[in-house]
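The paragraphs below go through a few local features, starting from a single side chain. Please keep the model open while reading.

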Amino acid sequence: MEDTSSQKSGPSKDTLGSPVPQETPAHFIHVKLEEYEPTDFSTKELILKKAREVCTCSHQTIITFLCRLFPVLDWLPRYNIKTQLLGDVISGLLVGIVSIPQSVSYSLLANQDPIYGLYTNFFCSIIYFAMATSRHNYVGSFGVLCLMVGQSVNRHLRLAGYGDDSSDSSPLPGNATSAGNGTGACDRSCYAITVALSLSFLVGIYQILLGVLQLGFVAVYLSEPLLGGFVTGSSLTIITSQMKYLLGLKIPRHEGVGSFILTWVDLFRYIQNTNICDLVTSLVALAIIVPVKEINDRYKEKMKAPFPIELLVVIVATVISHYFNFETRYNSDVCGDIPTGFRKPTLPDISLFPSLAIDALPIAVIGFAMTISLAEIFGKKHGYTVRANQEMIAIGMCNLIPSFFYCFASSAALTKTLLKESTGTQTQVSGLVTSLVLLLVLLWIAPLFYSLQTSILGVVTIVNLRGGLRKFRDTPQMWRLSRLDTVVWWVTMLSSTLISTEIGLLVGVCFALLCIIFRTQRPRAALLGKVSNTEIYEDQSTYKQLSSIANIKIFRFESSLYYANKDYFKTVLYQRTGVNPVLLAAKHPRVRARANTEAGNSKSFLGTGFDCLKQAKKRAEKPPADACPPSIDMHTLILDCGAMQFIDTVGLSVLKETYHDYKKIGVQVLLANCNPSIRHRLREGGWAGETGSEGQLAFHSVHDAVQFAERWYHVHQEESKEKQDALLDPEDLNFQVSL
C-alpha cells in the first residue's frame, strides 16, 4: 500500500479519502514506500516439493534422518571423556540412589506393585538417552502422572469387579481373565498392570503423533501459571491419597469428582483405627527427612552433592521393620515380595483401548508439557537448542516401548531433573549410569525391601511434593505482577483439587483461554497527547505534562480489532473522544428539514424576487443557529493502530463505519502505525477508495498524521473563507446599500 502524508497534486475527489492540501509544507517529508511483489503461492507445488524431500532416498538423507531421530548419533561421537564423564557419572549415581525409594513409592501412587516403578525408570532412562535433545532432563515416574494413572487403574479395577483393598487379589465371580504372560488367572495386581500398560501405550501413540505432525506448539497453551496451579492441586490430591499409608488406615480409594473431600471425610471417619506403629514411624521419618532436605536445598551451592537422606531412611526403616517384625507384631503394611530380574514382554490389551482413550489424552498432554518446559528451561540456561517436536517423539517412545515391558506412563520428573542439573551432569550419559544403578536393584537388591513399610514410602512421596506446595508462598508476588495470572493459578489449583485432576486441567485451559479472549475483548484504550518539542505521543491518563493538540483527537486501541470487541471499540471511542457521530448525524436531518420549511414559508410571504434574493443572501451569510450542526471540538480523529496485530472482516467494516459516521459530522478519520498485514487488509477491503488516494488515510506514524491534519485544516479554512467572500460580490453589496 502506498502510504503518504500529503500529495503533490491538488485536492482529489475521493469518497473514502480526505481533502488533500494544495501544497506540501517545507518541513513535511513526503513518504512513499514501494512494496515487494508477492510471490506466487501454489499449494500443489508446495506439496510436491515436500513430497520430493521426504521421498528422496540417498546415503546422506538416511544419515540425516537417523541423526535427527536419534540425536545420540550426533553428539556421542564428539563426547569428551576427560571433561564430561566425571560429572555424568557422579550425577547418574546420585540420581539413581534417589530414584530407588521414589520408584517404589510412586508405584503405590500409580496403584501398582513396587517392581513396576523400577522397571519404568530403568527403561525410560535408556530410551531417552538415545532420542532426547535435552542434556539435563530425567525421564521416569512423575508424581502427577502416577496419580492420574492410579485413578484410571482404580476405576477400571472397580469396573472389573475387584475390591478397593489391595489385599483383595481375586476378582468377583465371572470376572477372571487370563494373564498376558500366561501365568493363569489374572489377579488384582495383574489386571492393574494390564490397564497401566494399555494406558501407557495410548499415551505414547498420542505423543508420537503430535511430534510427527509437528504440533509441539500445543505446549505453549499450557502457561506457567496454569501448570503451576495444576501441579499444586495435584500435589494436594497426592498428599491426601498418601495419608492413609501414614496412618495405617484401610479406606477405599475415591476417584472422580469430589475425591479430595471424600477422602478426608473417610480419614476422619476411621481415624480411631489408626495403626500406632505406622503413625510413629511416619512422624519419625518426617522429622528426619524434612530438615535434611531443607539443609540440602539451602546449601546446595556449597555442597558437592546432596545428602541421600531418603535412601538412608528407607534402608534403616527396612532393617528395623525386619528385625522387630512390624508386619506380624503390629499389623503394619509392608512392600512384600519384590521379584528380581525381568518379565517376558507382553502386548497391551487392545480391548481396553476404547475405555482408556480419553484417560490417556490429559496424561499425554501433561507429560509432554512438563518434558518440553523443563527441557527448554535448562536448554536456555546452558546455551543449547532443544527441538520440541523431537522431545515429543522421545517422550512418546519412552511410553510406547516400555509398555511392552511392564511399565506405566512417565515424563520428565521435576525433582530428579533439578537434582541431575545441580550435581553437574553434562549429557544424557548420566541417564545410562542411573539405569545401571537401577539394574543392580532389579537383579539383586530388590528382595531386600520386603519388610519396608508402606508408610515410609508415603512419607517419601509427600516430602518430594514440597516444591508444589511452596507455590502458595509465591502467590502474593504473582498477584502484584499479574492479577489475571494469579486467578488462573487459583482456578486451576482449586478445580484440580476439589473436582478432579483431569477436569481441573480442562477447566484451567478453558479459563486461561477465556482470560486471553477477555483481555482482547475489553482492552485498554486511551487518548494520546504530545510530549513537548518531540514527535512522541503517549497516554494522557498515564503521563503528566502532555499537551493536547487543538481540534485533533488521537485514539489508541491496544488490541487487535475483530468481531469480539467491535462493539467495545465503538463504545470506548465515543467515550474517550466525547463525540457520538451516530447521535449527531441523527439529529442533523431534523434540524435541516425544519430550516428548509421556514425558508419556504418566508419565500411565499415576501412575494418578490428581490426579497427572496435578500433572504437567500442573509441565510448564506448567517444561517440560523438551530440549522447548524452542534459544535464539536475536533476536526480530525487519528486512530493509532500500532497495537493492532490484525483486523478481520468485521473489524474492517467497523473502521469503514467509523470513517463514514464521523465524515457525516465533518470530522475526517486518519489511521497511523498500521503494520503491513493491516495495510494489505485495508487495501483489499476497499478502504483506500476507488480513486487511488490510499496513502491519505494510513500514515507511517502518528506525527505524520498530525502534521497532515493540521495542514489540511489550515487549507480548508482558507478555502471556506474564499467561498464566503465570493458569495458577497460588489454588485450585491452596492444593491443592498442603495436599499
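A polar atom of the Thr194 side chain lies 2.8 Å from the backbone oxygen of Cys190. The model is predicted, so local features need pLDDT of at least 70 and side-chain atom pairs count only at pLDDT 80 or more, while totals for chains, interfaces and linings use all residues. Residues are numbered from 1 along each chain as its sequence is written, and side-chain values use heavy atoms, with hydrogens and water left out.

Thr194 belongs to helix α7, residues 188-212 (helices are DSSP runs of H or I with at least four residues, numbered from the N terminus). Thr194 counts as buried because its relative accessibility is 17% (buried means under 20% relative accessible area, with a 1.4 Å probe and protein chains only). Leaving aside residues up to four places away in sequence, Thr194 touches Cys186, Asp349 and Leu352 (contact means heavy atoms within 4.5 Å).

Helices α8 (residues 224-247) and α10 (residues 276-298) pack at about 115°, their axes 7 Å apart (axes are lines fitted to C-alpha atoms over the stretch in contact, and angles run from 0 to 180 degrees between N-to-C directions). From α8, Tyr245, Leu246 and Leu247 meet Asp278, Leu279, Ser282 and Leu286 of α10.

How many disulfides does the structure hold? The number is 0 (a disulfide is a pair of cysteine sulfur atoms within 2.5 Å). The sulfur of Cys674 is 3.9 Å from the closest cysteine sulfur, in Cys641, which is too far for a bond. Cys641 is buried at a relative accessible area of 2%, and Cys674 is buried at 5%.

Terms used. Helix = DSSP H or I, 4+ residues; strand = E, 2+ residues; numbered from the N terminus. Buried < 20%, exposed > 50% of the residue type's maximum accessible area, 1.4 Å probe, protein only. Polar contact = N/O pair within 3.5 Å; in protein donor to acceptor, adjacent residues only side chain to side chain.
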